[in-house]
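This briefing presents selected local features of one protein model. Please keep the sequence and the structure in view while reading.

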Amino acid sequence: MDHLVEKALEGDHRAIARLISLVENESPFASQIMANLYAHTGKAHIIGVTGSPGAGKSTLLDKLIDNLKRMEKKIGVIAVDPTSPFSGGAILGDRLRMQSHALEPDVFIRSMGTRGSLGGLSRAAYEAAMILDACGKDVIFIETVGVGQSEVDIVKIADTVCLLLVPGMGDDVQVMKAGIMEIADIFVINKADRDGADRLEAEVNIMLDLYGSKAWRPPIVKTVAERGEGIDALCKALADHKKYLSESEEGKKRFISRIKMEVEEILRREIAKVVEEKWKENCDDNLIRSLASRSIDPYTVAGKILGEIFSRGL
Ligand SMILES: Nc1nc2c(ncn2[C@@H]2O[C@H](COP(=O)(O)OP(=O)(O)OP(=O)(O)O)[C@@H](O)[C@H]2O)c(=O)[nH]1
Ligand SMILES: [Mg+2]
């Protein structure tokens with residue numbers, strides 16, 4: 001295991017992929033791996049890219065990667081698809097319009113689908129991002145399709161969140177789901193070659209005006225990802241936001257809430273494991289019969305099990 005971690009830290013893509021698989025599959029080594037990598041993390045810029053299905057996220061990433069590579073950046077991409085049961089790359093990889101980069105030594109691309117819960121997926125994505133950070137990637141993209149909780153979850157992972165909107169795709173600001181606008185650090189109006197891009201921009205601007213004064217006003221960048229237009233402006237916006245985070249109170253606040261969340265998550269996960277084990281030990285036909293006949297209540301049962309776990313009851 002140490003050898004694998006060592007190789008990964010040197011930037012070996014095969015070793016990195018294996019570490020991500022171990023973490024994704026909740027291997028018994030996962031906690032130790034993450035613990036060993038932790039000291040090496042904290043250098044990468046983690047960027048969440050979200051938006052409706054087909055908004056052009058992968059096309060945009062492909063072009064962004066071209067740009068960043070010219071700046072000699074090492075890049076990692078985690079493509080999260082909560083609607084797919086598949087994982088591991090090969091199958092989802094076909095859907096990605098990033099194949100041109102798939103075999104390059106400095107670009108690591110990985111897909112993740114839901115094996116279990118959505119919560120499990122966002123945790124796996126978070127840990128994959130941490131692994132890529134530790135292993136020397138300068139910029140890590142997390143692409144996630146906007147289908148509800150998933151894009152809200154990436155906020156907890158990403159330093160910078162880009163929300164892609166497309167003119168005439170029902171992405172009108174008025175019909176946008178609550179909570180989605182708030183998470184954006186940068187608005188990208190992609191497919192700006194289509195009618196309605198200016199109107200959409202004006203709507204987003206009005207919405208941002210209504211929000212009142214925020215230290216960071218999310219910029220709106222218009223792109224035509226397919227033709228590589230607007231990519232330089234987007235790169236600049238990303239760099240500006242990174243600088244803002246490193247200099248502002250908001251940046252410090254985000255960082256602190258993320259490290260607090262990490263410990264809380266680990267605690268939650270470990271406690272859930274113990275609870276599951278203890279419940280399995282205690283749950284037999286007799287107990288179920290007693291509960292069903294109401295000769296015992298669920299609170300007393302839970303209290304007794306809690307007593308075994310924590311030496312305290314309900
Ligand atoms: N007209 C136009 N089409 C674009 C542009 N960018 C992407 N497309 C097209 O939009 C389609 C979807 O692009 P993707 O990059 O796969 O979109 P996505 O958001 O990654 O899609 P999912 O991962 O399936 O959610 C493709 O056919 C692209 O060629 C653009 O700027 N203008
Ligand atoms: Mg895509």
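The model is predicted.

**Helices α11 and α12**

- Helix α11 spans residues 231-247 and helix α12 spans residues 249-282; their axes come within 5 Å and cross at roughly 80°.
- Angles of 65 to 115 degrees count as roughly perpendicular, and α11 and α12 are therefore roughly perpendicular to each other.
- On the α11 side, the contact involves His-241, Tyr-244, Leu-245 and Glu-247, which meet Glu-249, Glu-250, Gly-251, Lys-252 and Arg-254 of α12.
- Sorted by class, this contact of α11 with α12 contains five charged, two polar and two nonpolar residues.

**Helix α2**

- Helix α2 (residues 13-24) consists of twelve residues, and the distance from its first C-alpha to its last is 16 Å, close to the 16 Å expected at 1.5 Å a residue.
- At the start of α2, the backbone nitrogen of Arg-14 lies within 2.9 Å of a side-chain oxygen of Asp-12.
- Buried residues in α2 are Ala-15, Ile-16, Leu-19, Ile-20, Leu-22, Val-23 and Glu-24.
- After α2 comes Glu-26, which has a positive phi near 50°.

**Ile-142 in strand β4**

- Ile-142 belongs to strand β4, residues 139-145.
- Because its relative accessibility is 0%, Ile-142 counts as buried, the cut-off being under 20%.
- Beyond its neighbours within four places in sequence, Ile-142 contacts Ile-46, Ile-47, Gly-48, Val-49, Ile-78, Val-80, Ala-129, Ile-154 and Ile-157.
- Between Ile-142 and Ser-111, the C-alpha to C-alpha distance is 9.6 Å, with a separation of 31 residues in sequence.

How values were computed:
Residues are numbered from 1 along each chain as its sequence is written. Chains are lettered from A and ligands numbered from 1 in the order in which they are written. This is a predicted model: local features need pLDDT of at least 70, side-chain atom pairs count only at pLDDT 80 or more; totals for chains, interfaces and linings use all residues. Side-chain values use heavy atoms; hydrogens and water are left out. Axes are lines fitted to C-alpha atoms, for helices over the stretch in contact, and angles run from 0 to 180 degrees between N-to-C directions. Helices (H or I, at least four residues) and strands (E, at least two) are DSSP runs, numbered from the N terminus. Angles under 35 degrees count as roughly parallel, over 145 as roughly antiparallel, 65 to 115 as roughly perpendicular and the rest as oblique. Contact means heavy atoms within 4.5 Å. Ala, Val, Leu, Ile, Met, Phe, Trp, Tyr, Cys and Pro count as nonpolar, Asp, Glu, Lys and Arg as charged, and the others, Gly among them, as polar. The expected span of a helix is 1.5 Å times one less than its number of residues. Buried means under 20% relative accessible area, exposed over 50%, partly exposed in between (1.4 Å probe, protein chains only). A polar contact is a pair of N or O atoms within 3.5 Å; within protein, one must be able to donate a hydrogen and the other to accept it, and residues adjacent in sequence count only if both atoms are side-chain atoms.
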